[in-house]
Amino acid sequence: MVEPANTVGIPVNQTALLKDELDIVIPTIRNLDFLEMWRPFLQPYHLIIVQDGDPTKKIHVPEGYDYELYNRNDINRILGPKASCISFKDSACRCFGYMVSKKKYIFTIDDDCFVAKDPSGKAVNALEQHIKNLLCPSSPFFFNTLYDPYREGADFVRGYPFSLREGVSTAVSHGLWLNIPDYDAPTQLVKPKERNTRYVDAVMTIPKGTLFPMCGMNLAFDRDLIGPAMYFGLMGDGQPIGRYDDMWAGWCIKVICDHLSLGVKTGLPYIYHSKASNPFVNLKKEYKGIFWQEEIIPFFQNVKLSKEAVTVQQCYIELSKMVKEKLSSLDPYFDKLADAMVTWIEAWDELNPPATAATAKA
């Protein structure tokens, strides 16, 4: 039986990597007592907490953390009419944190995720591994059979083209989980007691042209490279679908990363996922998505962005038009989602105006 790590006695990391360049975004409806376990690794960083649900409920954050806390009233005040693009009663509300951050990097984690142990019993500093993933190149154009060739002790294997060994910038680091697997509701129902105890000490680049199921509970990304596309969709309260927010973002960012020659890594780090959500509740949220994904995935597999789309925003607006054109016949919801994608970009650009030559020089 796998157990979370015991971090009592581990000192707070005083030399934390990228301390002033990274924000931690946490969506929540409850007190953040789980941060006590993460204190040695996360306390040096700034937190952006997005409170879902009742905005009058007071959320407790352990002492010693530097944080901003936003609730639905704040989202409405800051975004005005454009607040409609931020999901309500769904973990997709975390996207607001991505939008208001001013840092280059984002790490997002769920409030039921604890510190994992590696096979030696050592506590895993998940954020440190994410940073390592983001700071080293990716190799999406040719698969290396030793996985990440940039990792210490590894290299490119015989036959790997020398012209591709420089790699490309890594935009996304996708981590995994021990204990409760990230399953859909039907799989939860047939495997209610299954637990993931397998720790695979590997990181790999997801090849160009290959989609993947992105999980938002243990994720880091370069906000400058891919931030405007990290929109977790319009899900949750008032929408016909939930629990596909991170999937939607994953499909979008992957086709855009492929188009812009950016990399996505998956594997290490692991976190300990402590709590299984109710499969019957999940099924109610997911059931349309389970049917829809059989057409959504082929849609993304066939997306071709134009040569004129050279920024993430341009790519995303093109993608929103394709969603409206190709998926609205599947359900009117996708017409609404396409409009929300445009609203998201408009709101992003309002809060993150491009740097002028004067401001850049300053």
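Author: A charge counts as sitting over a ring if NZ of Lys or CZ of Arg is within 6 Å of the ring centre and within 35 degrees of the ring normal. In this predicted model, Arg165 lies over the face of Phe162, at 3.8 Å from the ring centre.

Reader: And ring on ring, how many aromatic pairs?

Author: The count comes to 19 aromatic pairs. One of them joins Tyr244 and Trp251, with ring centres 6.4 Å apart and planes at 45 degrees, so the pair is tilted.

Reader: Are Tyr244 and Trp251 buried or exposed?

Author: Both Tyr244 and Trp251 are buried. Trp251 also pairs with Phe300: their ring centres are 5.9 Å apart and the planes stand at 40 degrees, so that pair is tilted.

Reader: Why does the Trp251 and Phe300 pair tie parts together?

Author: Trp251 lies in helix α7 and Phe300 in helix α8, so the pair connects parts 49 residues apart in sequence. Phe300 is buried, at 1% relative accessibility.

Reader: Which residues do the ring pairs link into a cluster?

Author: The cluster takes in Tyr244, Trp248, Trp251, Trp292, Phe299, Phe300, Tyr333 and Phe334.

Reader: Switching to the surface. What makes the nonpolar patch?

Author: Leu189, Val190, Phe280, Leu283, Tyr287 and Phe291 form it, over about 640 Å². Helix α8 gives the most, with 4 residues. Phe280 is found in α8, and is exposed at a relative accessible area of 59%.

Reader: Last one: where is Thr311, and what does its side chain reach?

Author: Thr311 is in the loop between α8 and α9. Its side chain reaches the backbone nitrogen of Gln314 at 3.0 Å. Thr311 is partly exposed, at 31% relative accessibility.

How values were computed
Residues numbered from 1 in each chain as written. Predicted model: local features only at pLDDT ≥ 70, side-chain atom pairs only at ≥ 80, totals over all residues. Heavy atoms only, no water. Patch = residues over 30% accessible without salt bridge, like charges linked within 9 Å, V, L, I, M, F, W, Y side chains within 5 Å. Areas by Shrake-Rupley, 256 points an atom, 1.4 Å probe, with all protein chains shown as cover. Salt bridge = Lys/Arg side-chain N within 4 Å of Asp/Glu carboxyl O. Helix = DSSP H or I, 4+ residues; strand = E, 2+ residues; numbered from the N terminus. Buried < 20%, exposed > 50% of the residue type's maximum accessible area, 1.4 Å probe, protein only. Polar contact = N/O pair within 3.5 Å; in protein donor to acceptor, adjacent residues only side chain to side chain. Phe/Tyr/Trp six-rings, centres within 6.5 Å; stacked < 30°, edge-to-face > 60°.
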